[in-house]
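This report is a guided reading of one structure, written for someone who meets it here for the first time. Please keep the sequence and the 3D view at hand while reading.

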Amino acid sequence: DCDDLWKESHLENLLKLFEDSSDVVAACSWYSRIDEDGNVNGLVRTPKSFTYHHLFYDNFIGNLTGMYNVRKRGKVYQRECGHEDYIMWMDVLRNGGIAKSSNSVEAYYRVSNQSVSSNKARAMSWRWHIMRHEVGLSAIKSFYYVTASVFFIWLKKRESNIFSENY
């Protein structure tokens with residue numbers, strides 16, 4: 001998006017991740033949340049590597065940090081239905097392969113009160129839709145993963161606050 005920022009090293013560091021293994025089909029990095037004035041107010045970290053099934057718990061790829069190998073996956077487009085990026089990253093990893101993280105902050109995500117990401121109730125509704133209709137899980141499994149994602153979001157928020165207090 002026009003208000004997100006990349007460090008100069010972003011693309012170079014992500015491209016290196018594809019050299020690590022032929023199984024790597026997607027790459028991403030950590031990012032810092034910033035307010036409208038550019039003040040850092042949180043850090044979002046990702047696992048070092050993860051697969052399609054890990055995405056049932058959370059969308060670990062901040063869309064502003066992600067890239068995927070088109071030669072391995074072909075073109076994958078975002079579908080308009082809320083949480084387009086989440087569905088796209090699931091599509092990228094659905095047929096195998098792993099995503100890797102640089103485990104370094106490479107981008108800054110500007111968050112305001114009007115940001116889509118600030119409406120957690122809407123995000124949970126989208127997540128339910130994705131689990132039920134895009135992934136095709138039963139209501140019970142969808143409920144499990146949506147509930148688990150609430151826990152992971154709480155952990156990320158807690159961890160983000162701890163990191164911002166220490167850095």
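The side chains of E12 and K16 come together in a salt bridge, at 3.9 Å from N to O, where a salt bridge is a side-chain nitrogen of Lys or Arg within 4 Å of a carboxyl oxygen of Asp or Glu. Both E12 and K16 belong to helix α1, four residues apart, which is about one turn of the helix. E12 is exposed, with a relative accessible area of 51%, while K16, at 41% relative accessibility, counts as partly exposed; buried here means under 20% relative accessible area, exposed over 50%, and partly exposed in between, with a 1.4 Å probe and protein chains only.

This is a predicted model, in which local features need pLDDT of at least 70 and side-chain atom pairs count only at pLDDT 80 or more, whereas totals for chains, interfaces and linings use all residues. Residues are numbered from 1 along each chain as its sequence is written, and side-chain values use heavy atoms, with hydrogens and water left out.

## The two sides of helix α1

Helix α1 covers residues 10–20, and within it H10, L14, L17 and F18 are buried. Seen down the helix axis, these buried residues fall within an arc of 100 degrees, so they line one face of α1; the arc is taken from the directions from the helix axis to the C-beta atoms. An α-helix has 3.6 residues a turn, so residues three or four places apart point the same way.

The face turned away from the buried side of α1 carries the exposed residues E12, E19 and D20. The cover over the buried residues of α1 includes the strands β1 (5–6), β2 (24–34), β5 (67–68) and β6 (98–110). Helices (H or I, at least four residues) and strands (E, at least two) are DSSP runs, numbered from the N terminus.

The structure holds five salt bridges. In one of them the side chains of D91 and R79 meet at 2.6 Å, N to O, and this pair links distant parts of the chain, with D91 in helix α3 (residues 84–93) and R79 in the loop between α2 (70–73) and α3, 12 residues apart. R79 is partly exposed, with a relative accessible area of 35%.

The side chain of D91 also meets that of R94 in a salt bridge, at 2.7 Å from N to O, and R94 is partly exposed at 30% relative accessibility. Salt bridges that share partners join R79, D91, R94 and E134 into one network.

## H83 in its loop

H83 lies in the loop between α2 and α3 and counts as buried, at 16% relative accessibility. Leaving aside residues up to four places away in sequence, H83 touches A123, W126, R127 and I130, where contact means heavy atoms within 4.5 Å.
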